[in-house]
Amino acid sequence: MTEKKTDAAELARINGEIEEAITHEPSEQYLTFYVDKEEYGVDILSVQEIRGWEPATAIPNAPDYVKGVINLRGTVVPIIDLRRRFGIKQFDYSSVTVVIVVKVKAGNREKVMGIVVDAVSEVSNFDHSNIQAAPELTDNKNTAFVKGLGSTEESMVILLDINKLLSTDEDLDLSGIRQATPA
Amino acid sequence: MSIDLSQFHQVFFEESYEGLDAMESALLNLQPDNVDPETVNEIFRAAHSIKGGSGTFGFSGVADFTHVVETLLDEIRSGKRKITSETVDLFLKSVDCIRRMIQLLDAGKSCDIPEAKTLKAQYEDILERDEEPSSATDNISSDTATMIASSDADSLVKKWRIGFKPELDVLRTGNDPLRMFRELAELGALQVKADVSRVPQISTIDPEACYLSWQLELCADVSKSSIEEVFEWVIDECELTIEPLTDANNVTEALTEKSEPVPTQKVPESALNEPEPLTGSKTIVSVVGGVDVEPGVRNLVEKQATPDKSKVEVSSIRVGIDKVDSLINMVGELVITQSMLGELGRDFSMERLPKLLEGLDQLSQNTRELQESVMRIRMLPISFTFSRFPRLVHDLSRSMGKKIELKMLGEQTELDKTVMERIGDPLVHLVRNSLDHGIEQPEDRLKAGKSEVGTITLNAFHQSGSIVIQIIDDGAGLNKTKIMDKAVKNGLVAEGDSLPDEQIHDLIFKPGFSTADHISELSGRGVGMDVVRRNINELNGSVEVESVEGQGSTFTIRLPLTLAILDGQLIRVGDHVYILPLISIIESIQSFQGMVHRVVGGCDLLRLRNEYVPIIRLSDIFNIKPGVQEIEDGLLVVVEGDNMKVAIFVDDLEAQQQVVIKSLEENYKKVDGVSGATILGDGTVSLILDISGLIKLAGVQRNEYKLVSSDDGRAA
Amino acid sequence: MAKILAVDDSASMRQMVSFTLKGAGHEVVEASDGKQALDKAGEIQVDLVLSDVNMPVMDGIELVKALRALPNYKFTPILMLTTESAGDKKMEGKRAGATGWLVKPFNPEQLLATIKKVLG
């Protein structure tokens with residue numbers, strides 16, 4: 001499993017892919033990314049853009065995975081570190097750290113949030129033929145944010161329900177997930 | 001084709017609200033001893049309009065009620081009745097009632113309220129007292145009387161003979177006999193024979209006069225009233241005869257024409273005569289007297305008590321076209337500046353730097369002007385809120401038996417729509433307070449050498465980027481002794497303490513404070529003033545009182561011109577920069593150890609002149625790394641929030657600037673101690689602090705800290 | 001089909017009348033008081049005038065008198081929109097030269113029937 005380093009050119013390429021993906025087919029396209037050597041995917045339609053990391057303003061008494069808020073073209077947007085969210089030790093942020101800005105459904109409104117990931121992979125197609133249900137995960141309260149497991153030639157991708165993932169403050173237990181996707 | 005009238009309902013409701021406001025205004029201006037007929041006309045017209053519209057759109061509840069109001073108004077208008085202050089009060093109550101009914105209809109509910117019945121009864125009482133048959137319900141004109149024919153009394157005759165002789169001038173009213181005949185022809189077979197006997201010599205003919213008359217025969221299965229209806233408009237300017245050509249006549253003719261004798265069957269006389277009583281002159285036309293019979297078919301859709309329509313409340317605003325034009329101009333200038341800067345950017349060299357700086361300056365000015373222009377769009381004159389007070393003062397002063405005059409100044413002063421909506425209730429409370437506790441009874445005023453009539457003045461004006469609203473009364477002023485007594489009773493002040501007047505007066509804003517001897521219906525329950533202050537503080541505003549015993553009081557409210565922008569003080573704690581609302585800052589002091597007292601198990605206290613102020617360390621409540629540890633090395637910013645003072649310990653004060661308030665909850669959630677966020681000049685986000693929230697986080701207890709005057713280091 | 005001038009100080013009434021008449025293929029001109037109506041009548045020749053009685057500035061009765069004084073409106077049908085309780089207004093209107101009346105409140109169907117009666 002190769003982790004691609006994401007630089008400005010890569011960012012631009014991927015942002016372009018996202019735009020194209022959104023204008024063409026309806027869902028089942030996922031943006032995949034890496035967190036601690038695991039590959040995850042989120043529905044392309046919920047992805048707004050990808051940015052590099054910039055320092056965020058801390059929020060008092062927030063959980064440690066909430067890094068703070070940033071200014072996204074005049075809107076105040078919170079940044080969540082997925083590593084910390086998954087209970088993994090945080091990386092140091094650098095110029096190649098990536099933030100995926102997503103639109104999350106909260107009730108009947110939509111919130112914009114950013115998630116810090118190790119690296120972005122690509123836009124992949126997953127449809128019913130290559131998605132495996134994982135009831136032991138989806139039915140479990142603590143891992144309900146997992147939609148299923150997608151398979152590519154090279155690997156298994158954990159497909160996430162971004163709405164569920166970012167709307168809860170509860171602790172997430174990923175041990176089950178990591179077992180399901182042998183590297 | 002059936003037209004859906006509900007599409008006009010909203011317009012009707014809107015114009016009715018406006019009409020009711022106009023009625024109310026005019027009623028308040030009415031002097032019973034010197035009635036201005038035009039004012040009465042205005043009031044009548046407004047009621048008439050509402051009655052007409054409500055009838056048309058099927059709101060019979062409103063129509064019926066407004067009808068009695070209109071009837072009484074009509075009597076006054078025509079001089080049949082004099083207007084008294086009691087009738088003015090009745091009219092004012094009716095305005096309220098109609099308004100309430102329309103609000104209910106607007107919300108999709110039934111407008112059937114008990115007040116309508118009670119008030120209607122009062123009208124009926126008054127109207128009956130008059131001997132003249134002024135009641136409109138009795139006034140059925142002769143036209144309608146003839147129209148109200150119970151159809152079953154009329155038989156349906158097959159043939160009618162009609163004689164129509166119009167007056168010479170019938171054409172001058174735009175009537176045309178031909179049209180009427182056309183209408184008749186729709187009912188059945190019509191034969192028309194003109195009588196030219198009245199036509200004069202050609203030389204004397206007036207071309208615009210009608211000299212003709214006609215004899216018509218109509219074969220139609222209709223009643224006499226249907227035929228009369230065709231001529232209803234000209235009934236007074238013609239001679240009209242309508243006779244049935246009876247079957248009996250026909251039968252008689254038929255029988256006599258038949259020469260063959262019908263042998264044994266002799267048709268009895270009575271059989272021949274029978275048809276007669278059913279026709280002709282013996283027609284029974286029952287005039288249903290005293291009842292409003294609606295001509296024609298009408299579908300009155302009475303609004304049933306339907307469940308609450310979940311009305312999507314989309315707030316809207318009316319904007320003067322001048323403001324829109326101004327905005328368009330600003331945007332135009334901005335576009336010019338932008339293209340100038342764009343051009344500079346494409347082809348930049350150091351020697352063009354002055355031009356760049358000039359362009360940036362220009363940009364800054366354009367942006368500022370645009371900002372002001374846009375904010376002005378949300379601004380409305382305060383008259384919208386002030387308008388409720390004449391009525392309020394009128395009603396309350398009458399019920400209290402006091403004589404009070406209301407003056408309003410600066411009604412055109414503009415403020416943000418949302419701020420205005422939220423300042424309404426606090427203003428009402430303050431005005432009621434002046435009415436109740438401020439202005440004295442007329443006798444007491446005279447005794448004090450004042451005029452019998454007390455004055456309450458509402459004054460609004462702009463001052464250095466804020467709007468100031470004053471409520472001034474020339475009443476009794478604040479009673480310092482009573483306030484101090486209450487304060488001691490509430491444990492706010494120690495007995496025997498002496499405080500400067502300002503502080504005593506300010507005590508009335510503390511919770512649970514009311515020095516009213518009796519709890520009047522309006523105020524005096526002691527929940528008022530502190531809520532008023534809290535509501536105003538929530539708007540980033542402030543309220544203060546000045547008073548001179550015996551002379552009166554002035555309440556001064558200061559509000560920002562808009563809720564979207566805040567005057568902020570940047571403060572630094574460690575690596576973090578936060579913003580405090582400037583309006584909440586009382587003072588900032590460099591403190592030294594002697595001023596701070598430690599309390600075991602509590603928080604540190606700052607000794608500030610004659611009070612103890614709790615110190616809040618942001619590093620503690622926010623769990624952040626402080627830059628400065630010792631009190632002497634930092635600053636204490638004394639702020640007001642939640643009706644108490646606290647001192648916030650900061651490393652340093654930074655700039656003061658106007659900031660645009662951005663929502664934190666929009667994409668994240670509510671955070672204790674933070675009211676919002678803003679974007680600083682360097683593009684980073686800075687959090688705006690919420691004093692009330694900070695106080696809660698710090699767990700500071702209210703009212704714990706007694707005010708002291710002596711220097712004995714006493715703590716809570 | 002016909003050009004009709006609708007005069008009433010109530011916007012909701014004007015809207016209802018306008019909508020109804022336009023739906024039947026007529027052209028409608030609106031005015032909110034007698035004076036406005038007089039001005040409009042001067043600008044374009046209408047075939048029928050519908051007017052409320054109680055209006056500010058110039059009421060319906062005055063309007064009828066003023067219209068009848070114009071040579072091109074001597075014989076134009078003018079209908080007063082009157083309420084039942086104002087029985088005397090009908091007579092006053094007729095004396096001023098009105099053609100007839102339509103009693104408020106009325107529904108769109110009644111309005112159209114009355115218009116038909118007058119216009120043929």
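The buried residues of helix 20 of chain B are covered by elements that include helix 16 (417–438), helix 19 (501–506), strand 10 (542–548), strand 11 (552–560) and strand 18 (635–641) of chain B. The model is predicted. Helix 20 spans residues 528–538, and its buried residues are G528(B), M529(B), D530(B), V532(B), R533(B) and I536(B). N540(B) follows helix 20 of chain B and has a positive phi, near 60°.

D530(B) lies in helix 20 of chain B. D530(B) counts as buried because its relative accessibility is 7%, below the 20% cut-off. Apart from residues up to four places away in sequence, D530(B) touches F509(B), K510(B), P511(B) and N643(B). I508(B) is 22 residues from D530(B) in sequence, with a C-alpha to C-alpha distance of 7.7 Å.

Chain B as a whole has 22 helices and 22 strands. Chain B has 716 residues, of which 45% count as buried. Of the contacts in chain B between residues at least 6 apart in sequence, 71% join residues at least 24 apart.

Nonpolar side chains tend to be buried together in soluble globular proteins. The largest nonpolar core here has 86 residues, and the members that touch the most others are V62(B), F65(B), F91(B), L5(C), L21(C) and L50(C). Helix 4 of chain B (residues 85–106) gives the most to this core, with 11 residues. F91(B) is in contact with L27(B), V69(B), L72(B), L73(B), I76(B), I83(B) and Y123(B), leaving aside neighbours within four places in sequence. A second, separate core holds 67 residues, among them L160(A), L165(A), L687(B) and V700(B).

Chain B has interfaces with chain A and with chain C. The size of an interface is often given as the accessible area lost when the parts come together. The table lists the values for each pair.

| Interface | Residues in contact | Buried area | Share from carbon and sulfur atoms | Salt bridges |
|---|---|---|---|---|
| Chain B and chain A | 20 residues of chain B, 22 residues of chain A | about 1,700 Å² | 56% | zero salt bridges |
| Chain B and chain C | 50 residues of chain B, 44 residues of chain C | about 3,900 Å² | 54% | four salt bridges |

On the interface of chain B and chain A, N667(B), Y668(B) and V685(B) supply 42% of the area that chain B buries against chain A, more than any other three residues. Nine residue pairs are in polar contact between chain B and chain A, both residues being at pLDDT 80 or more. Strand 21 (674–679) and strand 22 (685–689) of chain B are the elements that give two or more residues to the side of chain B that touches chain A. Strand 21 of chain B has the largest share of that side, three residues. By class, the side of chain B that touches chain A comprises 11 nonpolar, five polar and four charged residues.

The side of chain B that touches chain C divides into 15 nonpolar, 17 polar and 18 charged residues.

Definitions and conventions. Residues numbered from 1 in each chain as written. Chains lettered and ligands numbered in written order. Predicted model: local features only at pLDDT ≥ 70, side-chain atom pairs only at ≥ 80, totals over all residues. Heavy atoms only, no water. Core = buried A, V, L, I, M, F, W, Y, C linked by side-chain atoms within 4.5 Å. Buried < 20%, exposed > 50% of the residue type's maximum accessible area, 1.4 Å probe, protein only. Helix = DSSP H or I, 4+ residues; strand = E, 2+ residues; numbered from the N terminus. Contact = heavy atoms within 4.5 Å. Buried area = accessible area lost by both parts, 1.4 Å probe. Salt bridge = Lys/Arg side-chain N within 4 Å of Asp/Glu carboxyl O. Polar contact = N/O pair within 3.5 Å; in protein donor to acceptor, adjacent residues only side chain to side chain. Nonpolar A, V, L, I, M, F, W, Y, C, P; charged D, E, K, R; others polar.
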